[in-house]
Amino acid sequence: MSSIEIRLSGSGGQGLILAGIILAEAAILDGKNSVQSQSYGPEARGGSSKAEVIISNEYITYPKVLKPDILLTLAPSAYLCYKNDMKENGIIIIDESIIPNNEDTQKVVRLPIIKTAQEVIGRAFVANIISLGVIAELTNVVTKESLERAVLNRVPPATEEINKRALKEGYNLVKMRGSEIWQKQMI
């Protein structure tokens with residue numbers, strides 16, 4: 001891996017900015033270089049938000065994502081806004097509530113991220129951590145050990161166990177659907 005650009009997008013309140021910070025920290029714990037930036041609409045909750053992370057084994061010369069290798073989106077508006085900025089061979093990870101465009105040239109992976117947070121974990125607010133588990137399992141961009149450590153460094157102490165469960169559910173979503181994803185040549 002020379003450099004990988006990742007954009008996490010959705011609506012305010014989904015915790016994707018925190019997810020970007022955690023992902024960048026996990027990369028640093030793995031001994032890689034990483035930068036993270038963020039932006040969100042003036043509405044805060046409900047407005048659009050995005051976090052961008054660059055992870056590299058080399059010096060990072062420009063701190064902004066130009067053409068993401070990976071786009072994760074949990075909101076239809078974010079998918080429509082950012083899907084066209086992707087690298088041709090990129091991976092788009094979307095929540096199952098989003099209907100992908102058949103014209104997408106990138107690999108599209110649809111998973112029940114929000115539903116898993118609500119129904120399996122019982123807390124919608126961990127969809128961001130489930131998303132990190134999905135990214136790690138699909139791409140190996142960071143190690144699971146560093147990712148768990150970064151999650152535990154950043155979440156409130158009373159939520160450590162629920163966030164560890166959420167991370168594992170993200171891994172499991174990919175494992176459970178792995179053969180389906182591969183059969184459809186989505187990855």
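**A guided tour of the fold**

Of the contacts in the protein between residues at least 6 apart in sequence, 57% join residues at least 24 apart, where contact means heavy atoms within 4.5 Å. Before we go on, please keep in mind that this is a predicted model, in which local features need pLDDT of at least 70 and side-chain atom pairs count only at pLDDT 80 or more, while totals for chains, interfaces and linings use all residues. Residues are numbered from 1 along each chain as its sequence is written, and side-chain values use heavy atoms, with hydrogens and water left out.

The protein holds six helices and six strands. Both are DSSP runs numbered from the N terminus, helices being H or I with at least four residues and strands being E with at least two. Read from the N terminus, the order is β-α-β-β-β-α-β-β-α-α-α-α.

How much of the protein is buried? Buried residues make up 51% of the 187 residues; here buried means under 20% relative accessible area, exposed means over 50%, and partly exposed is in between, with a 1.4 Å probe and protein chains only. The protein exposes about 9100 Å², and carbon and sulfur atoms supply 49% of that area. These areas come from the Shrake-Rupley method with a 1.4 Å probe, and for residues only the protein chains shown count as cover.

Now look inside. The largest nonpolar core has 45 residues, and those with the most contacts inside it are Ile6, Ile55, Ile93, Ile113, Val142 and Leu147. A second, separate core has ten residues, including Leu71, Ala75, Tyr79 and Tyr82. Such a core is a set of buried Ala, Val, Leu, Ile, Met, Phe, Trp, Tyr and Cys residues joined through side-chain atoms within 4.5 Å.

Helix H1 covers residues 16-29. Its 14 residues should span 20 Å at 1.5 Å a residue, and this agrees with its end C-alpha atoms, which are 20 Å apart; the expected span is 1.5 Å times one less than the number of residues. Ten of the 14 residues of H1 are buried, among them Leu16, Ile17, Gly20 and Glu25. After H1 comes glycine 31, with a positive phi near 85 degrees.

Further along, valine 126 sits in the loop between helix H3 (113-121) and helix H4 (127-139). Is valine 126 buried or exposed? Valine 126 is buried, because its relative accessible area is 0%. Leaving aside residues up to four places away in sequence, valine 126 touches Ala117, Ile121, Asn163 and Ala166. The C-alpha atoms of valine 126 and lysine 164 are 9.8 Å apart, although 38 residues separate the two along the chain.

Next comes H4, where twelve of 13 residues are buried, including Asn128, Ser131 and Glu137. H4 is followed by asparagine 140, which lies in the loop between H4 and helix H5 (144-154). Asparagine 140 has a positive phi of about 55 degrees although it is not a glycine. Asparagine 140 counts as exposed because its relative accessible area is 58%.

Our last stop is the largest pocket, with about 160 Å³ of space. Strand E1 (3-11) and strand E3 (48-56) are the elements that give two or more residues to its lining. Among the lining residues are Ser3, Glu5, Ile54, Ser56 and Tyr59. On a 1 Å grid over the protein atoms alone, a pocket is an open set of points where a 1.4 Å probe fits, with protein on both sides within 12 Å along at least five of seven lines, and lining residues have an atom within 4 Å of a point. Grid points are joined across faces, edges and corners, and the volume is the space filled by probe spheres set on the points.
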